[in-house]
Amino acid sequence: MYKSYYGFKEKPFSLLPDPAFLFYSVKHRRALAMLRYGLMNQAGFTVITGEIGSGKTTLIRQLLNEIEIDQSATVGIVSNTHRTFGELLEWVLLAFKLEYRGKKKVELYQTLAEFIAKEYSQDRRTVLIIDEAQNLDVEALEELRMLSNINANKDQLLQLILVGQPSLREILRLPELHQFAQRIAVAFNLKTLSLEETWQYIRHRIEAAGGDPNLFDTKACAAVYYYTSGTPRLINVLCDTALVYGYGEQKQRIDVDIICEVVREKVKEGILPVRDDKLINETGVVRDFSAAMKESKES
C-alpha cells in the first residue's frame with residue numbers, strides 16, 4: 001500500500017522476527033555475544049530474558065542462521081510452552097523430529113539419550129531452545145536439569161537455551177531450583193531501547209527496507225520513544241500505522257502530528273499498550289529531539 005509511495009522494497013516494520021532487520025543496539029549486541037559464547041563454550045544452560053517485544057525471538061533467529069551456516073549443531077525448539085502443555089519430554093522429542101507417540105517416560109528419555117549420543121559421535125552438538133520458558137513450572141524445570149546430566153567425559157552433550165520474560169529470573173531464584181540456578185553458565189536480561197537507540201532503530205529499519213532513513217523526522221522519533229518506552233514490537237506497530245496514515249495524507253515525511261494521531265486512535269480503540277498520558281503535542285514533552293535526548297541522559 002505505502003511501499004511504492006515511500007520507495008520501500010519491503011515493509012520496514014513487520015512484526016515477524018526477521019534477522020535481516022536486526023538492529024544491533026549495545027544491548028542486543030551483548031545478548032547475541034552471550035548466546036554465541038554459551039554455544040562455543042558448551043554452557044549447560046544459557047538464559048536470556050527480556051520484556052515482551054524486546055527482540056528476543058529475533059536474536060534467536062539470528063543465532064539459528066549462524067548455526068545453520070556452521071552446521072556443527074542440531075537444534076530443537078520448543079515454543080508452545082504453557083501451564084498445561086503436557087509431557088515435557090514428548091515436546092522435546094517432537095522438537096528434534098523423534099518419535100514419541102505411545103512411549104512411556106523411560107522410553108522417551110532413552111530415545112532422547114540415544115539421539116544425543118549419536119549426534120555426539122558425529123561431532124555435532126545438540127542444542128535445545130525453550131521459548132517462553134517463564135511458563136514452565138518447577139517440575140518441568142527440574143526435568144530439564146536432569147536432561148542436562150546426559151554427558152560424555154568432559155563434554156556437554158546437550159546444551160539448553162531458555163528464553164523468557166523477566167519473571168523467569170524470579171522463578172529461577174526459588175529455593176527449590178537452587179541446583180538448577182547453579183548450572184546457569186550464561187545469563188543476560190535484554191532491556192528496551194533508549195531514546196537515541198529508538199531513533200537509530202527507526203532509521204535502520206527504514207534504510208534496510210530501501211527507504212529514506214530521514215523519513216521520520218526527529219520529533220516523530222522522540223514521540224515514538226515516548227509512547228512505546230523503546231519496546232521494539234510496539235515501535236513497529238506504531239511506525240507501520242504511521243506510514244499508512246502518512247500515505248493516506250500524501251505526506252512526504254512522518255512528523256510528530258501523525259504519530260500523535262495514530263496514538264490517539266490506538267488508545268481510543270484500546271489495542272495498543274502505550275503510555276496513556278496526554279498527547280505530547282499537547283503537553284509539549286517533545287520540544288526538539290536534542291533537548292529530549294538530553295533529558296533522557298540526565299534521568
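Is Cys 239 buried or exposed? Cys 239 is buried, at 0% relative accessibility, where buried means under 20% relative accessible area, exposed over 50% and partly exposed in between, with a 1.4 Å probe and protein chains only. The structure described here is a predicted model, in which local features need pLDDT of at least 70 and side-chain atom pairs count only at pLDDT 80 or more, while totals for chains, interfaces and linings use all residues. Residues are numbered from 1 along each chain as its sequence is written, and side-chain values use heavy atoms, with hydrogens and water left out.

**Cysteines**

- The model holds zero disulfides, a disulfide being a pair of cysteine sulfur atoms within 2.5 Å.
- For Cys 239, the closest cysteine sulfur is that of Cys 221, and the separation of 7.1 Å is too far for a bond.
- Cys 260 is also buried, with a relative accessible area of 0%.

- Strand β6 covers residues 158-164, and seven of its seven residues are buried; strands (E, at least two residues) and helices (H or I, at least four) are DSSP runs, numbered from the N terminus.
- In a regular strand the side chains alternate between the two faces of the sheet.
- In β6 both faces are covered, with Leu 158, Leu 160, Leu 162 and Gly 164 buried on one side and Gln 159, Ile 161 and Val 163 buried on the other.
- Strand β1 (residues 45-50) runs parallel to β6 and is joined to it by five bridges, where two strands pair if DSSP finds at least two bridges between them; Val 47 has Leu 162 of β6 as its bridge partner.
- Strand β3 (residues 125-130) likewise pairs with β6 in the parallel sense over five bridges, and here Ile 129 stands opposite Ile 161.

- Phe 96 lies in the loop between α4 and α5 and is buried, at 7% relative accessibility.
- Leaving aside residues up to four places away in sequence, Phe 96 touches Thr 74, Val 75, Gly 76, Leu 112, Phe 115, Thr 126, Val 127 and Leu 128, contact meaning heavy atoms within 4.5 Å.
- Most residues other than glycine have a negative phi.
- Lys 97, although not a glycine, has a positive phi of about 60°.
- Ser 229, also not a glycine, has a positive phi of about 55°; Ser 229 is found in the loop between α10 (218-228) and α11 and counts as partly exposed, at 39% relative accessibility.

**The largest pocket**

- The largest pocket holds about 420 Å³ of space, a volume being the space filled by probe spheres set on grid points that are joined across faces, edges and corners.
- On a 1 Å grid over the protein atoms alone, a pocket is an open set of points where a 1.4 Å probe fits, with protein on both sides within 12 Å along at least five of seven lines, and lining residues have an atom within 4 Å of a point.
- The lining comprises 25 residues, of which Gly 53, Gly 55, Lys 56, Thr 58 and Arg 233 lie nearest the centre of the pocket.
- Helices α3 (56-70), α9 (195-208) and α11 (232-248) each supply at least two residues of this lining.
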